[in-house]
Amino acid sequence: MTEDSNKEKLKGVLTVIGKDRVGIIAALSAKLAGANCNILDISQTTMDDIFTMTMLVDVSDVKGGFGPLAKALEELGDSMGLRVRLCHVDIFNAMHKI
Amino acid sequence: MFIPTDEIIQTVRMIQQEHLDIRTVTMGINLLSCARGDVDATCALVYEKITSSAARLVEVCCGIETELGIPIVNKRVAVTPVSLIAPADPEGCVKLAVTLEKAASAVGINFLGGYSALVHKGTTPSERALIGSIPEALLNTSKICSSVNVGTTKAGINMDAVRDMGKVIKRAAELSAASGGSSCARLVVLCNAPEDNPFMAGAFHGIGEPDCVINVGVSGPGAVKCAIEQVRGCDFTVLAETVKKTAFKITRAGQLVAGLASARLGVPSGIVDLSLAPTPAVGDSVARIIEEMGVGRCGAPGTTAALALLNDAVKKGGLMASSHVGGLSGAFIPVSEDEGMIDAVRKGSLCIEKLEAMTCVCSVGLDMIVVPGGTEAHTISAIIADEAAIGMVNSKTTAVRIIPAPGKDVGDTVEFGGLLGSGPVMSVRQYDGNGSSRLFIERGGRIPAPMQSLKN
């Protein structure tokens, strides 16, 4: 992650893809709160009958480290039948912005 | 939302379903400072230099993988062509190869390239020793990759080296007969070899490079194929634009990884190699892109034109996405590493001669070609000469990575495992007696540099 002189927040993008059900946001946000991650923005839609949610989260000060949180969220997603991934925002900016 | 949801989902889909990955982060390390009169002293310094320079390479790359959510499939090291620091005896050269293997294991990489000699204009005693030692060096190692540059546009083709490499390849195959001649999968003969290539088996750290450097090779045939599925029936302008846009995104991911790895390792960033590198996995094939373009079977008429368009569009799309472009940069067509190519060979639509034509318009050359064990050394040399001539005349890199699998014949398949895949044995036009190419190869000497070399 590039370091900004203004100590800009390190941002992560959480993507959730799968079948809609009760409690998705509740479960994920509880896990994020437990890891000291603030949710900055959230967007959800249904694409081709598939529930799709993206969250922008502050990962500047993740309790326990970024890698373990990403893994825990992925496993939580698996247990709910959802594909959940957390990665830094840089990859999306690089691929979609000139 | 900060980035449109569909763009986020597109990226996630490219990585998770279309096999988009960073194929390799390769650290180039200069070993010239390690050369001593005594080979054991050289070995000690080589081990120290590699294990200290690349100590954090794998750890840093794994961290980037986790953060960006994109796999970095290979973490590798390329070193100064070993012939430049090697003694003029083959046993000493093998000692260096074993040392490189130990260093590669210590830092946790899967391949180390640079057991190499650049002999396009002539051969020094240590280069002769190293070339002679290649079969034993490969037999005694599993991570070391070897390459020999036998020609350039500027110098012509060293046909003595071409003749010798036919024999070296045969011997390497015979020594590793138990595994189908697998040593040859780590040995490539090049013309116009780039000094900053991050891809194996041809990677080495050229003498014009800094002390240490990070080069990145991207991939993404699956992502390109999925993108062009959306433009079926559209004309070639639309097709080329679609490939360009996808290549841009793929390369931007590579550029991002190159920058991060460089910053975290404190090593300058060299180049991004704009490549389409297939794997044996279904959905990660260059051949399937050609078929998606409308050529029913890879190898059928139209294949070369389709590959030319693909190769050009990948470069045009990638060029703007990267600060410095280098390496091989183009689509790869390794037969055993591409599920669609393997299928095309089995169905009879793809032969060596068609692959040779394809190498005129894409990166590298006859790559991971398995031929019958009965293929003679002079025939292999003649195949190398043909490929080197294409590279020399067209001012491009060409290469031959050919495996004369002992005891195998057309119809058999040789399993190499992992990224190297499995190769169906391909038919070679080899003729007996006066019909052979033996007399051509036995002439020796150099093929003069072509007119294209006189640009000053």
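The model is predicted, so local features need pLDDT of at least 70, side-chain atom pairs count only at pLDDT 80 or more, and totals for chains, interfaces and linings use all residues. Residues are numbered from 1 along each chain as its sequence is written, chains are lettered from A and ligands numbered from 1 in the order in which they are written, and side-chain values use heavy atoms, with hydrogens and water left out.

Chain A holds an open sheet of four strands, in the order 2-3-1-4. The pairing is antiparallel. Strands (E, at least two residues) and helices (H or I, at least four) are DSSP runs, numbered from the N terminus. Two strands pair if DSSP finds at least two bridges between them. The edge strands of chain A are strand 2 (38-47) and strand 4 (82-88), and each pairs on one side only. On average, neighbouring strands of this sheet are turned by 15 degrees against each other, direction ignored. Strand 1 (residues 11-18) and strand 4 of chain A are joined by seven bridges, in the antiparallel sense. Leu14(A) has Leu86(A), in strand 4 of chain A, as its bridge partner.

Helix 1 (residues 24-34) of chain A lies across strands 1, 2, 3 (50-58) and 4 of chain A. The helix runs at about 25 degrees to strand 3 of chain A. Axes are lines fitted to C-alpha atoms, for helices over the stretch in contact (heavy atoms within 4.5 Å). Angles run from 0 to 180 degrees between N-to-C directions.

Asn36(A) is partly exposed because its relative accessible area is 43%; buried means under 20%, exposed over 50%, and partly exposed in between (1.4 Å probe, protein chains only). Ile39(A) belongs to strand 2 of chain A. At 32% relative accessibility, Ile39(A) is also partly exposed.

In chain B, His19(B) lies in the loop between helix 1 (5-16) and strand 1 (22-29). His19(B) is not a glycine, yet has a positive phi of about 65 degrees. Ser146(B), in strand 4 (residues 144-152) of chain B, is buried at 0% relative accessibility. Among the residues that Ser146(B) touches, not counting those up to four places away in sequence, is Ala201(B). The peptide bond from Met200(B) to Ala201(B) is cis, with omega near 10 degrees. Ala201(B) lies in the loop between strand 6 (187-191) and strand 7 (212-218) of chain B.
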